Amino acid sequence: MSNPLIELHSFGQSVWLDQIERALFKTGKLAKLIKEDGLRGMTSNPTIFEKAITGSSDYQEQIDRAARDGKTGNEIYEEVVIDDIAHAADLFRPLYDSTNGEDGFVSLEVSPLLAKNTDGTIREAKTLFSRLNRPNVMIKVPATEEGLPAIEELIASGLNINVTLIFSVHRYEEVAEAYIRGLERRAQAGQPIDRIGSVASFFVSRIDSAVDKQLEALEKEATDPAKKQEIHALRGKAAIANAKLAYASFKRIFESPRFEALKRKGARVQRPLWASTSTKDPSYPDVLYVTELIGPHTVNTLPPATVDAWRDHGVAGAHLEKDMDKAPDVFAKLKALGIDFNKVTDKLTTDGVRSFSASFVDLMRAIEQRREMSLPGIKERHVSALGKYEGDVQAALQELGSKNVIQRFWNKEAAVWSADAGDQKIINNALGWLTVTDLMQGKVKELKAFAAEVQAAGFKHAVVLGMGGSSLCPEVLRQTFGKQLDYPELLVLDSTVPAAVLAIDKQIDPAKTLFIVASKSGSTTEPQMFYRYYFEKTKQVLGDKAGQNFVAITDPNTQLESEAKRDGFRKVFTNMADIGGRYSALSYFGMVPFTVMGGDVDSLLRRAKAAMDACAAGVEPANNAGAKIGAILGALARKGRDKVTFVTPPPISSLGLWIEQLIAESTGKHGKGIVPISGESLGDPKVYGDDRVFVYIGVSGTNGANYEAQLQALEQAGHPVLHHVLNSPIDLGEEFFLWEFATPIAGELIGINPFDQPNVQESKDNTKRILKEYTDTGKITQLPEVAEGDGLTVLTDENNRKALNGVSTPDSAITAHLGRVQKGDYFAITQYIEETPEIESLVQQIRTAVRDKACVATTTGYGPRFLHSTGQLHKGGPDSGVFLQLISNDAQDVPLPGEKFTFGVLKDAQALGDFESLSSRGRRAIRVNLGNNIVGGLKKILAAVQQFEGATAGAARK
Ligand SMILES: O=C(CO)[C@@H](O)[C@H](O)[C@H](O)[C@H](O)COP(=O)(O)O
Ligand SMILES: O=C[C@H](O)COP(=O)(O)O
């Protein structure tokens, strides 16, 4: 009996298999298909690989081995797919050779995340082709606009290319043109063209699925039975008609004199390859897209079920060229019904890229998950070199054990931290974060559904409007993971500086932006103002639909919750009330923005869960990952090493922003506190006093090695050094939990309540008073001037002025201020100015100069952001801070709807309120007004600091 699969070849059609999985080789099934069914090639795509790799255990051993060898997720992916493609290509090689390169090809697609990136596609295609190093491999490139030039270039470079995701005849023709141009370039350069293989994968069934859906709706709407019938008759017609038109173009193009010239040099036609040829509508024959598309110089790539169906009951015949002239009628009828076919094919292209990308991302995440399981656990990745402090830390761990602190912590006993009834009330309502990871793991589905809704609504940006605990985690995640393909870009606004607001304005279109108003209390001034400002702007473009561009994250029953309901917000995420701001990273506050930006929330929470387990009640202090960090910080702080210096290289360099708030706000009170130092560059051991402990947190396989020598030198100089090596950036989930757990442990050891922030309110109250003064009088009282000149003005309160000893120029005021720094102090630069790369670089240069000249720890913080972070420590912590507040004039101010004050006035009030809080405590502080020229002013401050005579590490100063 003849085999219908083999018969297709006598009509000029090659059957390829649209499938790959390791079992095909292991069972010998592929070899059998080639031998017995005349299979002549094979195609893969990201969805096929995703199903193969995640759906069987065949790949696990290889992934585990590669992970243990230190390979990244991407390297593992390439290794696995390259192995499969190579294996298949080797099985097809005899056919390739015997047909002189006509058939026997196996295709591997470039990452679909490169579909809009011409250069990236070219680079990756060349890498894959050369790594495979086999003549019968085709690299698949999507037929996007950006894919077309890549196709031409790759053909010209001598690669075999399978062009995928072609839906329209117009795009098909562009693909053929790119192929021919590529060949012409080669021929002109005198290179051979007889061994270049290429197919154009024209997608079939998806056309019917999309058109039929529209026809079904129209049929439902139609009342006239004849009309209904006419519409019904068009179902299942568009895909084949479209393919026939593409085939007509194929013939015209490849029978043209232009191609004839190439043919004479050995060129082969670029065969149309029918893809997406399994039947989707069960009411159609299961071999519909095989029967109708049989013709010379074509390929049909069939999934296994269609191969089996055709073998079983396929009847071959030359149908493709039948009724070609009737194909245009189908489109004329669709047009008459109002169906825009171009729109259909455009959408199919976009959806096709999106769906391959989604498969690819899911696959990478699955590999990552598997990789994680084979990698060292938290314990093995944490190393601490404590030197002479080892005994102190052991004693602290014993103290924790004897007081049963860990079990009591998990039992949520407020008495661990305070005997005071007021404190206990706060603590009892602040420990929800301990178990929020479990809760959030149950909400992943809800979060992902929301992200899909946001994606489908076409938002280009998502902007978090919030402060401190409600914005810092999203800021870290945004900086770490960056824009994800097909998801809105995440931005965070946590500044009232007009230039910062304008910088966001410049980037977004309110009509295409999702605003995430994030405020635990729901009444914090800044998010309230941001909300008002952007709601007004959005109303101007969307009218009473503006609420659809807003979501809120807030506690139950807050002012924000009722406003969100009033304004018709798209959604309100009601967070758990028993989680304080700085402990809310793993709750809705961190996870909603992360999911909306397309982040891998599953993995992040899984990593947090692993950290939770490593801190569990049953794990004794010495082995308890979080308790150990807490014991080290607490014990060292008690020994005067209270400056925890974080070294966090890219890609997680922003992590310090988040940890800084957690530690400073939790421990900086009642004259005590641990001072987090983040973002300070590493220096020579001689610039550090004996008040430091260093914490390196880096991602394995990145640039950690660059820091090794410096960290070792610090260790040798007697500084305690902790190392945390993350397997990948997604381990931030682990860090979030670990530091949340460690900080209250350290707090217990130094004797404070880590869950309140008694002095934050004070600056907020000052701000309110100053704003009232402004609305009543139209101005803000200024601080007294100390010195003025060269564009800079130095201002401060009476006590500080006296301490500066009659200085007359800004330079001398700055150096005199530096002269007040003593051993064990920290120098804090608090800048209420916009953050640009140039400004940030100058601020860091000033900071480094201060550290190196005065030999003290330094911090920097953009206002008003730091008021919700290190601001608590500045006021409530030890009197070891020396402050340099920087302000400037605003080149452009931004009015606030419904208020008499502007963003600029609000920022000025916040800066003054902050200064007054420091002043009322007799803190050493000056303000420098940079005037209109921020960059110029910063350069002058830098020069002044550089003039400072300096100190040697640890030297006491007056
Ligand atoms: O593009 C090629 C071959 O070049 C195919 O692998 C192609 O990706 C597949 O046929 C389709 O993705 C399958 O689509 P569908 O049947 O799921 O609609
Ligand atoms: O850290 C928290 C900030 O002070 C903001 O508070 P909020 O979330 O209540 O607006």
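What follows is a tour from the domains to the strands, a helix and the ligands.

**Before you click**

This is a predicted model, where local features need pLDDT of at least 70, side-chain atom pairs count only at pLDDT 80 or more, and totals for chains, interfaces and linings use all residues. Residues are numbered from 1 along each chain as its sequence is written, while chains are lettered from A and ligands numbered from 1 in the order in which they are written.

**Stop 1: the domains**

Colour domain 1 (4–204 + 245–312 + 353–357), domain 2 (376–401 + 628–750), domain 3 (433–607) and domain 4 (760–947) separately. These bounds come from an automatic or database domain assignment.

**Stop 2: strand S1**

Select residues 13–18, which make up strand S1. Strands here are DSSP runs of E with at least two residues, helices are runs of H or I with at least four, and both are numbered from the N terminus. Is S1 buried or exposed? Buried: 6 of its 6 residues are, so S1 is largely enclosed by the rest of the structure. (Buried means 20 or more other C-beta atoms within 10 Å of the residue's own, exposed means 12 or fewer, partly exposed is in between, and C-beta atoms are placed from the backbone.) Show side chains: Gln13, Val15 and Leu17 point one way, and Ser14, Trp16 and Asp18 the other.

**Stop 3: Glu124**

Jump to helix H7 (residues 118–132) and pick out Glu124. Glu124 counts as buried because 20 other C-beta atoms lie within 10 Å. Beyond its neighbours within four places in sequence, Glu124 is in contact (C-beta atoms, placed from the backbone, within 7 Å) with Val110, Ser111 and Leu114.

**Stop 4: ligand 1**

Zoom to ligand 1, which has 15 residues around it, the closest being Thr43, Asn45, Ser201, Ala275 and Ser276. A residue is near a molecule if its C-beta atom, placed from the backbone, lies within 6 Å of it. Strand S5 (161–166), helix H10 (205–221) and strand S7 (271–275) each give the shell at least two residues.

**Stop 5: an open sheet**

Show S9, S18, S17, S15 and S16: in that order, these 5 strands form an open sheet with mixed pairing. S9 (382–385) and S16 (675–678) are the edges, each pairing on one side only. Inside the sheet, S17 (residues 692–699) and S18 (residues 721–726) are parallel over 6 bridges, and Ile697 faces His724 in S18.

Next, bring in helix H31 (residues 655–667), which packs on the sheet against S15 (643–647), S16 and S17, its direction at about 175 degrees to that of S16. Axes are lines fitted to C-alpha atoms, for helices over the stretch in contact, with angles from 0 to 180 degrees between N-to-C directions. Helix H32 (residues 705–716) lies across S9, S15, S17 and S18, at about 160 degrees to S17.

**Last stop: ligand 2**

Select ligand 2 and its surroundings, including Lys520, Arg582 and His868.

Definitions and conventions. Pairing = 2+ DSSP bridges. Contact = placed C-beta atoms within 7 Å.
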